[in-house]
Amino acid sequence: MPAVTETRETVEKLAKSSYEWGFETDIEMDIAPKGLNEETVRLISERKGEPQWMLDWRLKAFRAWLEMEEPTWAHIHHPPIDYQDAHYFAQPKKKPGPKSLDEVDPELLKTYAKLGIPLHEQALLAGVEGAEERLPVAVDAVFDSVSVATTFRKTLAEAGVIFCPISDAIREHPELVQKYLGTVVPVADNFFAALNSAVFTDGSFVYIPEGVRCPMELSTYFRINARNTGQFERTLIIAEDRATVSYLEGCTAPQRDENQLHAAVVELVAMEDASIKYSTVQNWYPGDDEGRGGIYNFVTKRGICRGARSKISWTQVETGSAITWKYPSCVLAGEGSVGEFYSVAVTNNHQQADTGTKMIHLAPNTRSTIIAKTISAGHSDSTYRGLVRMQPKARNARNFTQCDSLLIGDQCGAHTVPYIESRNMTARVEHEATTSKISEDQLFYCRSRGLSEEDAVGLIVNGFCREVLKELPMEFAVEAQKLLQISLEGSVG
Amino acid sequence: MTQNAAPALEAFVARAAGQGAALAETGLPTRRVEAWRYTPLRSIADTAWQKAMPLPTEAATALLDRLVLPETGARVVYGNGQLLDALSALPEAVRQASENVSPLKGVFSATLNTALGERGLDIRVPAGTDAGLLTLVSLSDGQDISTHLQHRIVLEDGASLTLYDVSAGEGRYIANPRFDIVVGKGATLRHVKVQRESLTATHLAVVSADVAEKGEYDSFTLNQGSSLARHEAVVTLGAPHAMAHVNGVQIVDGQRLNDLTSMIHHAAPDGSSRQTVKTVLSDAGQGVFQGKILVDRVAQKTDGYQMNQALLLSEKAQINSKPELEIYADDVKCSHGATVGALDDEQLFYLRSRGIAEADARDMLVRAFLIDALDLVSDEGLRDLLLRSMTS
C-alpha cells in the first residue's frame, strides 16, 4: 500500500520537524547563580536598580511564598520541581541605552527575524497586507525577561499612552505602579503568583489615560532563550475611564531538553467604561514525542472591571508547553461590567493542560461569557476548570458558558470541571459541555473531496474552534490557525 | 485528606466500635477536602453522639402514620437501626442472605458507616425473578443518637426489584445508611428514595451499585428533609451495555442544606447513563449538586448525559453546583448542562394575566420545573406517591 507508506513517511517527517521555531541564539548573558533565597531577591532588585519599596514588596512576597505549598488540585502530573535548581535572573548583556535599533545586538535582530517579529516600521506596516485602515502594531520585544527594544514609544507617548518594560515603569512611574501592582493578584494570592512577585525580572506596563483609545494594538513577544532560566514575567495594564486597549501576547521558544518553569502574572484594571482586550497565543516548547522536556507554565492572569460598564476580554490559543496551568479570570466589580473568556487549548503527545477561567460577579447587571474549546490528541490530557460565582449583590447578572472537547485518538483524555455558585436569585447561569470525537462523517466528506487526512483534521479542528479564533485580532488569527495544524501533526493516520 | 479535630465524634466512634482508627485516619472532612467543599460537617463534630436505644413498636407506628407509603407490596421497617419484626415482611420471592457489605474507600459517609455499621437488609433476588415492590422504611427517634444501617441487595441475572426507600424521624440524630447493590446481567433495580428526615437531623447516605452486562440501576432521590443531608451514589457500569439513571429532586427551605453527589463510572464499552437533578431553593436554603461522569479508556461508545438545574426563590437561597466530566475514551458522546436562575417573570406575567393568583402561578411554575425530573420515575403509582410526599 504505497499510499499508507507515504502517509507514514510524511507524518514521521512532520514529527521530526514539528517544532519549527526551535532554535537557540547565542548571546552573552548575565546570569545569577542557581538557587532561590532572600539574596536572590535582593540581587534581582539591585540589578534592576529598584527603589526600596519595590524590594520590600518582593521580600514580602518571598516570605509569603516560603509559607505556601505548591497546589496539587490540578489534573496534572510532573516530577517535583526543584526551585533551587534554576537561575532566577538572566539578562542579555547590553551597552547602556540601546535606544535605536542599530545598537541592538545583531544576533537578537536575527532571532526576531527568524520569529517573524516585525520590529521595523516597514515590516510592521507590511505585516497585514491589504488592510489599509489597520493601525500598526507596537512591539515591546521581551528577550529572556528583559525588554531590549521598544518601538513606537513616541507615537504612543503623543497619545499619552505609557507602554514600557515594567522595570522602567517602576523607575519612571512609581506612583502608578505602586497604586496598582498587586491589587488584582495580591502577592500571596497563590504559590506561583507569590513566586513571581518575589523574582519577576520583567514584563510590560501599559497605562491608557482617561478617554484615550490606544492608537495601535500593543504586542509583546515572549521568548525563553537561555538554558535553566526561569521566566517570570509581570504584566500590568491599566485602562482609565473610557480608555480602550487591545494587547497581544505571543510566544515561541527554542527546543531544549530540560523542563523549564514559567510563572507569569498578568494584572488588568479597567475603570469606568474602559475596555481591555487581552489576546494570547502560547506556543512554548511542549516537549518531544516521548514527553521529554517542555515548559512548565504556571500562570496567574486576572482582571478587575472596577468601573461601571467596563469590559475585560481574554482570548487564548494554548498549543504549547508540557504543562499549562492557567485560569485568566475577571472580577466584575463595576455595575454592568462585562467579562469574556474565549479559549482554545490543544494538547498532543504527552502534554497536559489544566486551564479555564473564573468569573466573579460582584455587582448588578454584570455579564460574562465563557467559550472553551479543548482538543486532546496523542497521550495528552486536557482539563477545563472554571468557576462562575454570583455574589449576593449581583442582581440580574448573567453568565453563559460553553465547553466543548474533542478527542483525537484513544490514548488521550478530556475533562470538564465547572463550578457554579449562585447567591442571588435574579442572577442567571447557563452552562453546557460536550465531549466527542472527530465525526467520521465530516472526515469522510473532506477526504472524498481529495483532502489528506491531516488537512481534513486541520479543517475540522479550525471549524470547531471558529467561535474563539474569530475573537483574535487578525494578525493572530492567521498564526493561530497555523499553530493548531502544526500542534496536531502526527495525531492521525 | 485533612485532619480535623472532631473529638466528640471520633471518641464516639472509638467507643462504639473500637474502630476509631478508620475514621481517625481520614478525619472528619473539612471544607478544604474537595468532596466536601460545599457541605460543612461542623454541625456534627462536637456532639457526644450515642448509640440509639431500640424504638418501641408504638412509636414506630406513630411515625409511620405520618408518612405517605405504598399500600401494596412488602414492607420492612427499621427503628433506630434495629429491624422491627412486627412491622416487617420480605417479598416472597426474595431470599435472605448473609453477605458482608463491600468496602468503599475514600467516601467519608461509607467510612463512618463501616466503623459503626448495623446489619440492615441483606437480600438476594433469584435469577429471572421479579420480586415486585419492597418498601423499606428507616425511622429514627431520639436526641443525639446515630444509626448506621448496612444494606446489601443482590439481583441475580435477569431479576428485578422496585425498592421504595423512605427515611424519616423525630429529634436530632445522624442517619447514615449504606446500600451495597449488585445488579446482575439483564437485571433491573428501580430505587426510589424519599429523604424526609426530621428538620434537625443529619442524613449521610451512600449507595454503591455495580451493574453487570445489560443490567440497569434506575434511581430517583427526593431530598427534602434534614438540617444537612447528602445522598451520595457511586455507580459502576462494569460490563458492556450496562445502564444507570441517577435522577433526583431537592427541595430546600429554612436554613437547611441538601446535597446530591454522584459518581457514574463507565468501566466497560457501550454503557449509557442519564442524570437529571432539579433543586428548588427558598428561604436561606442551600443546595449542592456534585455529579461526576468518569469514562475509562476501555469504555468506548459510552453515552452519558447529565442535566442539573436550580431554581432560586428567595434572596438568601444559594446553590453550588459542580458537574464534572472525566473522559479517557475517544469514541464517546458525553454532555452536561446546568442552569441556575429565578422564576421567569414573563411566565409569571402570562399566568397572572389569565387571572391566576400570584401564589398559585408560582406553585404551578415550580411544579412544572420539577416535573421533568419526576417524569423519569417510570412507575406511575410511585410517581403519584412522590408528588403527594413532596407536598405533605
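Reader: Helix 5 of chain B, residues 108-116: buried or exposed?
Author: Buried. In this predicted model, 9 of its 9 residues are buried, so helix 5 of chain B is largely enclosed by the rest of the structure.

Reader: Which residues are the buried ones?
Author: Among them are Phe108(B), Leu112(B) and Leu116(B).

Reader: Switching to the interface. How many residues of chain A are in contact with chain B?
Author: 29 residues of chain A, in contact with 32 residues of chain B.

Reader: Which elements of chain A give two or more residues to that side?
Author: Strand 22 (398-408), strand 23 (413-422) and strand 24 (428-437) of chain A. By class, that side has 12 nonpolar, 10 polar and 7 charged residues.

Reader: What does strand 24 of chain A pair with in chain B?
Author: Strand 20 of chain B, residues 333-341. The two run antiparallel, joined by 7 bridges. Glu430(A) stands opposite Thr339(B) there.

Reader: Where does UniProt put the SufBD core domain in chain B?
Author: The unreviewed entry places "SUF system FeS cluster assembly SufBD core" at residues 142-369. Over that stretch the chain is 9% helix and 62% strand. Its end C-alpha atoms are 36 Å apart.

Reader: Back to chain A. Which residues cover the two sides of strand 19?
Author: Lys358(A) and Ile360(A) lie on one side, Met359(A) and His361(A) on the other, and all are buried.

Reader: What are its strand partners?
Author: Strand 16 of chain A runs parallel to strand 19, with 4 bridges. Ser329(A) stands opposite Lys358(A). Strand 21 of chain A also pairs with strand 19 in the parallel sense, over 4 bridges. There, Val388(A) is the bridge partner of Met359(A).

Notes:
Residues are numbered from 1 along each chain as its sequence is written. Chains are lettered from A and ligands numbered from 1 in the order in which they are written. This is a predicted model: local features need pLDDT of at least 70, side-chain atom pairs count only at pLDDT 80 or more; totals for chains, interfaces and linings use all residues. Two residues are in contact if their C-beta atoms, placed from the backbone, lie within 7 Å. Ala, Val, Leu, Ile, Met, Phe, Trp, Tyr, Cys and Pro count as nonpolar, Asp, Glu, Lys and Arg as charged, and the others, Gly among them, as polar. Two strands pair if DSSP finds at least two bridges between them. UniProt positions are given in the numbering used here, feature names are shortened, and annotations may be inferred rather than shown by experiment. A residue is buried if 20 or more other C-beta atoms lie within 10 Å of its own, exposed if 12 or fewer, and partly exposed in between; C-beta atoms are placed from the backbone.
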